Amino acid sequence: MWYRTTLPPQLMPLFYLNSSIPSLVVVHSEGVTLTLTPDQGTTLNISQSSERSRGSKCTVCTGTGLKKSCSRAGSDYVVLLTDPKAAVNMVFTCTKPEEVFTVEVSRTGTLPLQNFNRTFIWNLKAPVPRAFHLDFTQMGLRQILPSERCPDQHTYTLLALQRTGEAAIGTYCRNGSVSGAQVLNQGRLSLEVTGGRELNPTMFNVSVGEEIKSLAVLKVTLPEGTSSSELLSPNYPNSFPDDDLMEWKFVVPPKHNATVVFLGQTQPQCLKKEPAVEYHYGNGRFAVVKKLSDPQPAQRRDSFSLILRNCEMNRIGDGSTGLSLHFKVSAKRRMLCNVDLRKEWGLSLHIEKTNLMSDCELKLNSVIQKKITVPSGKISQLSFQDCPCQELLLTAIRIIECRQWRGCQAAAAPVPLTVPVLERCLPASLGSVTWILRPPQHGTVELLPTTGNLRQSLPEQPCNGSVTLTVAEDDDGTTVGQFCPQGAIHKVQVHTNLSITASASTMGGKERWPFSHPLLNISFTREIAERYIFTVYPMKGVPTLLATPSWPVGMKSYSTVSWIVNVPSKLEAHLMFDNISQPKCSNRHTGIRVQILGSLEEMYSRREDEEAGRKITVSESFYLNMSNCMPERGDFSMLTQITLHKDKSDSLPCVKKKRQLSHQVSTYNPNGTSFLPGHNGSFPKSRKDNESHIYASIEDTLVYSHLLRDGVGIYQPFVPPSHFAPPVPNRPLSQAQQPMVDNELYGSRSNGDTPAHEDINYEITHI
């Protein structure tokens with residue numbers, strides 16, 4: 001049974017097919033009676049369905065008595081149903097009328113004739129010179145040969161109605177890449193459903209389209225990944241209309257290449273012009289014209305339009321079949337990318353597959369690779385085929401290294417750590433970037449935030465919504481910690497090679513990856529006596545959490561760490577030790593010490609075999625030092641919380657006092673020597689036979705001052721102002737810039753000498 005749905009001249013926005021007409025079927029020995037209760041205005045056009053059935057004596061009648069009317073052989077029979085309340089009987093004089101008749105209906109609905117072939121037809125018309133637009137985005141269509149039928153037995157046919165006659169744009173099944181069509185002025189869309197198959201509801205949008213100059217325009221949206229779409233010229237396999245145009249607009253996914261291949265063609269005898277294909281790129285800004293016999297475009301990256309142009313054909317006596325074209329457009333994730341790292345000092349790129357079962361093929365300079373390493377200082381050609389971006393991991397590594405101090409850029413001035421700008425042709429975005437920092441022998445790496453301070457990422461203070469930098473020792477991968485902006489850590493000093501990694505996976509909030517601004521400034525400085533030194537500027541009333549390096553894992557054996565903490569005047573620091581984990585030591589002891597800057601007297605000192613107090617209050621700037629032993633079992637780790645409050649003793653009268661210093665109170669160094677934290681390697685030589693270094697007492701002004709000079713937090717021995725010339729930060733001192741140190745206090749050495757590390761031993765006794 002065939003249904004025709006005829007639309008009014010205005011175009012409707014949406015069509016939805018369903019079953020809505022009540023009906024009753026009665027089968028008897030002489031034939032079939034169908035009882036219908038249709039919508040008002042329903043029209044039935046009943047005709048014999050094939051040449052073979054025209055010899056049948058089967059008829060159809062409606063009405064009774066004087067109002068009875070019947071069909072005649074070879075003629076159409078029209079039934080107009082005007083009363084929505086009145087049931088209509090259709091009496092067929094054969095038991096299988098579906099083999100004889102077809103029915104075209106002007107309203108949607110399955111009626112009781114599901115066993116019949118059905119066709120739903122939309123006649124569409126737009127005002128001249130506009131086109132009507134069909135949007136198939138929700139289902140997509142796939143073009144087939146006119147002789148084919150669709151697997152789901154729902155077949156669409158699109159016609160263009162021109163003054164010269166009908167032109168079949170194509171026949172289609174559902175689930176394809178054709179996402180839209182525009183047909184000039186007027187046309188027809190039909191849906192054929194095979195008898196016995198239930199109608200599957202289908203949605204598509206209809207609207208008034210653009211002004212077009214071609215017969216029709218098909219939009220083909222190629223899916224991501226490997227795909228191919230076969231398409232046919234109008235009227236295929238017959239000739240495309242004379243002296244006309246047909247356009248296909250191909251939408252190519254990002255990072256895909258498209259290739260056009262002609263599978264079959266016939267060419268006409270022309271009176272004027274020549275048949276050709278035009279390729280338009282960049283929204284029509286430039287075009288390429290090719291003959292049908294020319295090689296067609298391959299491995300094109302961008303979306304494009306293909307226009308088939310016919311000539312004015314000679315159809316008299318030449319036997320020509322005219323112009324027809326069968327072609328295929330395929331797309332693959334394949335890209336060629338030239339990467340130039342000649343000017344990128346120390347930078348290398350690494351690309352690998354995250355799915356080992358993927359069909360992705362990687363090539364470096366035309367050689368297939370399991371993973372690609374793009375070396376620094378060269379131009380490399382990369383090739384990717386069938387490589388989805390989500391199956392590739394792209395990382396960057398930049399090495400900043402100095403083998404000697406002379407000519408070392410990172411020792412002369414701070415070096416900003418910026419995310420490299422990479423070629424846009426790379427198929428995946430940058431996943432992470434790692435900076436490997438290698439100072440000269442015995443050197444130190446200093447990390448300074450470009451804006452504000454850092455904080456350590458801990459469960460109690462996670463780095464949500466911002467980039468997280470993972471700092472690790474490059475030699476063995478030991479993690480120092482994870483840090484992010486907006487904290488109290490002003491500077492980090494590490495006496496070893498470092499790696500710093502920033503990754504897109506740690507991003508969130510308003511931050512965008514990759515960054516255009518530097519994440520950190522780094523510099524190489526001379527040796528410090530400890531493994532790690534952190535300079536900390538807590539804010540009043542805001543708890544600052546500090547964790548031992550490698551937290552929650554324990555510190556490395558024999559390693560030391562100091563936090564130089566600035567306490568402004570009229571404030572005091574409340575320290576609370578938490579999550580303390582102590583090992584059983586096989587050699588030496590762990591140590592936790594708190595000491596006022598400018599004093600050699602320890603305010604707090606505990607070993608692993610002593611019960612540790614968990615709270616302490618300090619009213620001046622101080623350093624917190626921790627050192628590990630060689631553990632037999634267990635780990636050494638802890639958290640420290642520092643909060644600044646108003647100093648309760650601020651109202652007391654100022655009293656001039658002297659510090660009483662006990663014998664050998666220098667900080668414990670598991671390397672076998674004593675040291676002052678942050679002393680940058682300038683240690684006085686031992687004078688075992690000289691007692692000029694032994695004092696009964698020392699005034700405050702003669703101990704240590706300006707230990708947080710310029711907010712940098714570097715320890716410097718006190719030197720009278722007339723002799724003190726502060727060095728330029730992050731630059732080694734020249735001979736003339738070395739401070740003149742009092743030989744009586746610090747040992748006999750000439751200006752600029754660097755004392756040996758192993759000889760230091762401060763002995764200050766009280767007499």
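A disulfide is a pair of cysteine sulfur atoms within 2.5 Å. By this criterion, Cys 61 and Cys 70 are joined, with an S to S distance of 1.8 Å. The structure holds eight disulfides. The model is a predicted one: local features need pLDDT of at least 70, side-chain atom pairs count only at pLDDT 80 or more, and totals for chains, interfaces and linings use all residues. Residues are numbered from 1 along each chain as its sequence is written, and side-chain values use heavy atoms, with hydrogens and water left out.

The protein chain contains two helices and 56 strands. Both kinds of element are DSSP runs, numbered from the N terminus: helices are H or I runs of at least four residues, and strands are E runs of at least two. The chain has 767 residues, and 48% of them count as buried. Buried means under 20% relative accessible area, exposed means over 50%, and partly exposed lies in between (1.4 Å probe, protein chains only). Contact means heavy atoms within 4.5 Å. Among contacts in the protein chain with a separation of 6 or more, 80% come from residues 24 or more positions apart.

The link of Cys 61 and Cys 70 has a torsion of about 110 degrees about the S-S bond, so this disulfide is right-handed. Its two ends can be described in turn. Cys 61 is buried, at 8% relative accessible area. Cys 70 is partly exposed, at 37%.

Cys 58 forms a disulfide with Cys 94, at an S to S distance of 2.0 Å. This link is left-handed, with -70 degrees about the S-S bond. The pair links distant parts of the chain, 36 residues apart. Cys 58 sits in the loop between β4 (42-48) and β5 (60-62), and Cys 94 in the loop between β8 (88-92) and β9 (101-105). Cys 58 is buried, with a relative accessible area of 6%. Cys 94 also counts as buried, at 16%.

A further disulfide joins Cys 585 to Cys 629, with the sulfur atoms 2.0 Å apart. The link of Cys 585 and Cys 629 is left-handed, at -80 degrees about the S-S bond. Distant parts of the chain are linked here, 44 residues apart. Cys 585 belongs to strand β48 (residues 584-587), and Cys 629 to the loop between β52 (622-627) and β53 (630-633). Cys 585 counts as buried at 16% relative accessibility. Cys 629 is buried, with a value of 0%.

Other residues were examined individually. Cys 389 is partly exposed, with a relative accessible area of 41%. Cys 425 is found in the loop between β35 (415-417) and β36 (430-438). At 15% relative accessibility, Cys 425 is buried. Beyond its neighbours within four places in sequence, Cys 425 is in contact with Met 335, Leu 336, Cys 337 and Asn 338. The C-alpha atoms of Cys 425 and Leu 336 are 7.4 Å apart, although 89 residues separate the two along the chain.

Thr 544 lies in strand β45 (residues 544-547). Thr 544 is buried, at 9% relative accessible area. Leaving out residues up to four places away in sequence, Thr 544 touches Ala 488, Val 536, Pro 538, Thr 640, Gln 641 and Ile 642.
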